[in-house]
Amino acid sequence: MKFSIEIKGFGQRVFYSYIEKDIVREAKESNRERYIEYIFHGVDNNVHSAGEDLLESNRPVVYIVVNEKEKLRVSLNKINCEIKKQSIKKVFQPHVKNCFTYCFGFNEEYVHEYSFSDVEEVDIDKITARIIESDIPKTIENDVWMKKIILIESILYDGKEIKKDRFSSRPMQNIYGPVIIDLE
């Protein structure tokens with residue numbers, strides 16, 4: 001029998017690129033108050049964060065879909081989670097030494113979809129979410145921008161990784177940044 005798991009929630013899409021420290025220093029010297037508006041940055045990388053409150057709230061919802069008519073709905077904090085702390089330098093790849101990180105982002109609604117078919121019935125206790133959690137340092141102005149990036153790395157059923165079918169998202173109104181962070 002084929003089953004699918006959908007995780008729906010609200011998170012952030014974070015864009016980042018690296019800027020030489022001299023460029024930031026020169027921009028600060030030319031316009032102390034609004035220096036960040038004068039900085040051109042290079043190619044952006046991006047990462048999807050499943051939301052800073054992913055594990056503390058009941059909002060991110062896991063749907064276990066048996067068929068079109070039968071959907072079991074539980075919050076993510078009701079299933080097993082393996083949480084691994086990881087350095088933000090490993091999340092923001094490739095990491096460039098001796099540079100600042102230029103960041104901005106926006107809120108987004110997202111859906112992770114997984115499927116598997118090698119069981120007859122689903123046992124919620126056998127579902128495990130592998131989650132990576134990374135703390136974000138304060139900006140170079142010593143302000144808190146975001147506290148964490150949280151990634152849903154994979155979903156397992158009875159110890160075996162479930163195939164990820166699709167990830168989709170849509171942007172929402174709030175835009176964060178731009179800010180400059182020192183990852184060193």
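Colleague: What makes strand 7 largely enclosed by the rest of the structure?

Modeller: Buried means under 20% relative accessible area, with exposed over 50% and partly exposed in between (1.4 Å probe, protein chains only). Seven of the nine residues of strand 7 are buried, so the strand is largely enclosed. This is a predicted model, in which local features need pLDDT of at least 70 and side-chain atom pairs count only at pLDDT 80 or more, while totals for chains, interfaces and linings use all residues. Residues are numbered from 1 along each chain as its sequence is written, and side-chain values use heavy atoms, leaving out hydrogens and water.

Colleague: Why are strand 7 and strand 8 said to pair?

Modeller: Two strands pair if DSSP finds at least two bridges between them; strands are DSSP runs (E, at least two residues), numbered from the N terminus. Nine bridges join strand 7 to strand 8, and the two run antiparallel.

Colleague: Why do strand 5 and strand 9 count as edges?

Modeller: The open sheet has the order 5-7-8-9. Strand 5 (80-85) and strand 9 (160-161) each have a single partner strand, so one side of each lacks a neighbour in the sheet.

Colleague: What makes Ile 155 part of a nonpolar core?

Modeller: Such a core is a set of buried Ala, Val, Leu, Ile, Met, Phe, Trp, Tyr and Cys residues joined through side-chain atoms within 4.5 Å. The largest one has 22 residues, and Ile 155 is among those with the most contacts inside it. Strand 8 gives the most to this core, with four residues.
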